[in-house]
Every structure is written in structure tokens, then in C-alpha cells.
Amino acid sequence: MPLTDKPTINRALLISICTPQFKGEEAESSLAELARLVTTLGFKVVGSQSQKQSSTQKSSVLGSGKLAEIARLTGNKGDIDETQDLDDVIDLSAMDAVQSENLPFGCADVVVFDCDLSPSQLRNVENQLGVEVFDRTGIIIEIFSRHARTRTARLQVEIARLNYLAPRLRESSSGNNERQMGKGAGETSLELDRRKVRDQLAELRRELVSVQDELKGRRKQRSELFCVALVGYTNAGKSSMMRAMTGSEVLVENKLFATLDTTVRALQPMTQPRILVSDTVGFIKKLPHDLVASFHSTLAEAQDASLLLYVVDASDPSFRSQLEVVHHVLEEVGVDDIKKLLVLNKSDQLSDEQQDALMDEFPDAMMTSTRDPQDIKKLHQYIVGVAEEEMIEDEIIVAYTAKGIIGEIRSSMSITREEYEYDHIKLSVRSNAIELARLKKRMKDL
Ligand SMILES: Nc1nc2c(ncn2[C@@H]2O[C@H](COP(=O)(O)OP(=O)(O)O)[C@@H](O)[C@H]2O)c(=O)[nH]1
Ligand SMILES: [Mg+2]
């Protein structure tokens, strides 16, 4: 189950099941969102399939024809009955593509459903296809666990993950002695695994309670560096903005968000002191209920930010209601006292008239396109401006004999004036209070 350790990039085939309650545009935009979530995990989406069904509750999930078709697209690794006459259900052009390695559409090795599957449905489909199968919740849990950074967030996500996994555990092949050892009388290894998960869950819940108690009593700690957090719905352009502002090319080439620390980067061109930009886990339209608490706590890193950029896709007609949700949730998370800027992104998709109308409606917002370097520059200037407001000015006297310190000051503070005297240099500097206090202490200790 853990996706994180896989060295190769998974090729994912997405499946959408349209039901009378879930169809048309709603199903399409949900599938597009799933594609983005799956890409966020570093998978490559190689195709999608959809099928109309009366519900998503059938034990086989899909019709047999469709399953056979999907089995072909995943390289026929499962136990689906191949003797079936498939000619009328398979799109032959897709089959040709699968067989030829040169075509962009190679075999998929992961299948992701844009709905929730019960443990037995998941097992059925996985057996039939012989490749790893995920449902929407499974994907979202994996994303959250990669974004969770605070202890509370990690605990909550782990609880959600175990809750999700517990009923999906299977009988493991016997012969694993270590696994068998703790087994109670008459307990199968599956029962043992389930018991372990329950124990682990109980332990995590206890730990969570104690962490939360501990946090309550502690004063909110200010991070030393000025930190900007990008918040908003998935697809608003947060990661693109992050990349544009931090010049993190590596991030684009490598698997996106393969590790947690890729979500915090220094603003480029580098400022003194440095400004950090963090990309938070995006809001999702229909967040499964069990994940709400973990989502909130993964957002908690926004609490440490000095500035929040509310990024919206201004070309999406539903952005106003999305913005309301973002506001509401962040209020719940407790970030009301942090300075905010509304960023109306994807302006390149809007006409001049539409842009004017939006600026009338949101006079304090900034209109951007992550594709326009001028806009990125404007945003950079805004951020630096806000960071500077928080800085204080001070005067530092350094003897010429203490040369090393001057280099240190130059690399960590902004120097506004230098006066050269007979035996010392007088520097007027701007920096944050913590950095200044640390420097003064260093100088005293010299
Ligand atoms: N037209 C346009 N597309 C954009 C802009 N910014 C991002 N995108 C696209 O929107 C999609 C989502 O971007 P991403 O940065 O991954 O959004 P995130 O989910 O908020 O991190 C991608 O296909 C981007 O290429 C923009 O300013 N204009
Ligand atoms: Mg993103």
C-alpha cells in the first residue's frame, strides 16, 4: 500500500462511474480534479474511462465488458475471464496503442476510481485486474499524509489513514513468523493485523489528546523568518505560483511533492533576511467527512505564516463560493489575525472587461497570471513590502577587526547605510527582531 517508496513513476488510469445522481459536468470536473490529485502524488495519468451505472455499490463495480477493457489497458495481469468475446466492447484503437510502446498511451499500472469503493469492491477489482487499485479517499489520504508537518497534523492524518486501511487489510500469506508470533489462541493473522491496527489507533488517539493539551498551554510561536503561505482550492494555481516565485525548477522536473520539504522554499530573487513561501494542501470540492479534521490540521502551517495569499482561479465561475469556504475554514483553523491578500489568478483567461469588473468587485485584490513574469515580479514586490513593514531598523557598530561578522550581516540583513570611521564601521540595518537580537548576542560573545 505505501506509495511513497516506489522508485518508478506510476502510470494511472482513471475511472469515472456516472450514476443518475452524479453525471455530466459534475462528474467531468470531479474527474479533472482527481487527475490533479493523482498528479500531485507524482503519478502520470495515462488515460481515463467512464461508465454509466445505476449506482457505485455493485460488488463488481463495473460491467464485465468494461472491466475486460480496463484489464487490457492494464496489461491483463489479473484473473478476469479472457475467454469472453470482447470485440464489441473494446475500442480497438486504444488496444493498438497499448501494445505499442512508442505511443504515449502505455499500459497503466495503477487504476484510480473517482468514487469511494468498499473494501470488498476494492479487493474484487484488484483481483480481476491484477494491478493496484485506489479510490478517491485513498488518494486524498496519501496527499494529506505527505503534507502533514506538525505533530497534530501527522497524528490526525495517521488516524484517518489507519481507519481507512483497517477494513481493507487482507489475509497475508502465512509463513511470516514474526507476524505469527503475537497471535492469540484461535486468531488468524488477519485478525492479528486488525488487532494491531486497533491498538495503534488507540495509541495515536491518546497521543493526539496529549499533544493538543500541550499546545493549548503554549503561546503561539512566531517563526523566525517571514513566511508566506499559499492557500486555496486545488487547481487555483498555487503550485505554479510557488514555482514561479521560488524558481524551484527541480520541483517541476522531479516528482511533485515527493517529499514534504519541497513545499517550503525561499522567495527568489533571494531577500535578506530570507522570505519563505509554502504551498499548502489544496481545498477539495467534496472532502470525505473522515478527512475534515486531518485537512484542518495540515492547514495549520498557515498559522505560522506572516502573510496569506488566498489564490483563486478567477476564470472559474464558482470561485466566489470557493473563496467563502476558504475564509470559513481558515477562520476555524484560527488564522483570522494574519494579513491576507486575495490573488485573482489566471487573468490570462479573462477579457479586459472581466478583469476590470473583478477589480471593481475586489479592490484590494491583486490580479495575476502565473505565466506572466511581470505579475510574478509585482507579487514579489508586494511580499517584500509587507515583510519590510515588519522589520525594524537598527544601528550596529562593528570593529574592523571583526571582519567575519560584516559578511554575516550582509548575508542575513538588509543594510541601508554604511559609515566608515577610524576603527569601526557603522551599519544601519533592517531586519526582524529575532535576527537582530541574535546578532547582538553573537557580537557580545565575541
Ligand atoms: N491559464 C492559466 N493557467 C494556470 C495559471 N496558473 C496555473 N495554471 C494552470 O492551472 C492548473 C493548476 O495549477 P497548479 O499550480 O497545479 O494549481 P494548485 O492545485 O493550486 O497547486 C495547471 O494546469 C496550471 O498550468 C495561470 O495563471 N493561467
Ligand atoms: Mg498544488
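Reply: Here come some questions about terms, each answered with its rule.

Reply: Before we start, this is a predicted model, where local features need pLDDT of at least 70, side-chain atom pairs count only at pLDDT 80 or more, and totals for chains, interfaces and linings use all residues. Residues are numbered from 1 along each chain as its sequence is written, while chains are lettered from A and ligands numbered from 1 in the order in which they are written.

Me: What makes a stretch count as one of the 16 helices or 13 strands?

Reply: Helices are DSSP runs of H or I with at least four residues, strands are runs of E with at least two, and both are numbered from the N terminus. The protein's 16 helices and 13 strands are counted that way.

Me: How do you know which residues surround ligand 1?

Reply: A residue is near a molecule if its C-beta atom, placed from the backbone, lies within 6 Å of it. For ligand 1 that gives 16 residues, with G237, K238, S239, S240 and S369 the closest. Helix α9 (residues 238-246) gives the largest share of this shell, 3 residues.

Me: Which β-α-β unit includes helix α12, and why is it called right-handed?

Reply: Helix α12 (residues 319-333) sits in a unit with β8 and β9. A crossover is right-handed if, with the strands pointing away from the viewer, the path from the first strand over the helix to the second runs clockwise. The unit is right-handed, so its path from β8 over α12 to β9 runs clockwise in that view. From β9 the chain crosses through helix α13 (residues 352-361) to β10, and this β-α-β crossover is right-handed too.

Me: How do you know that β8 and β9 pair?

Reply: Two strands pair if DSSP finds at least two bridges between them. Strand β8 (residues 307-313) and strand β9 (residues 339-345) have 7 bridges, in the parallel sense, so they qualify.
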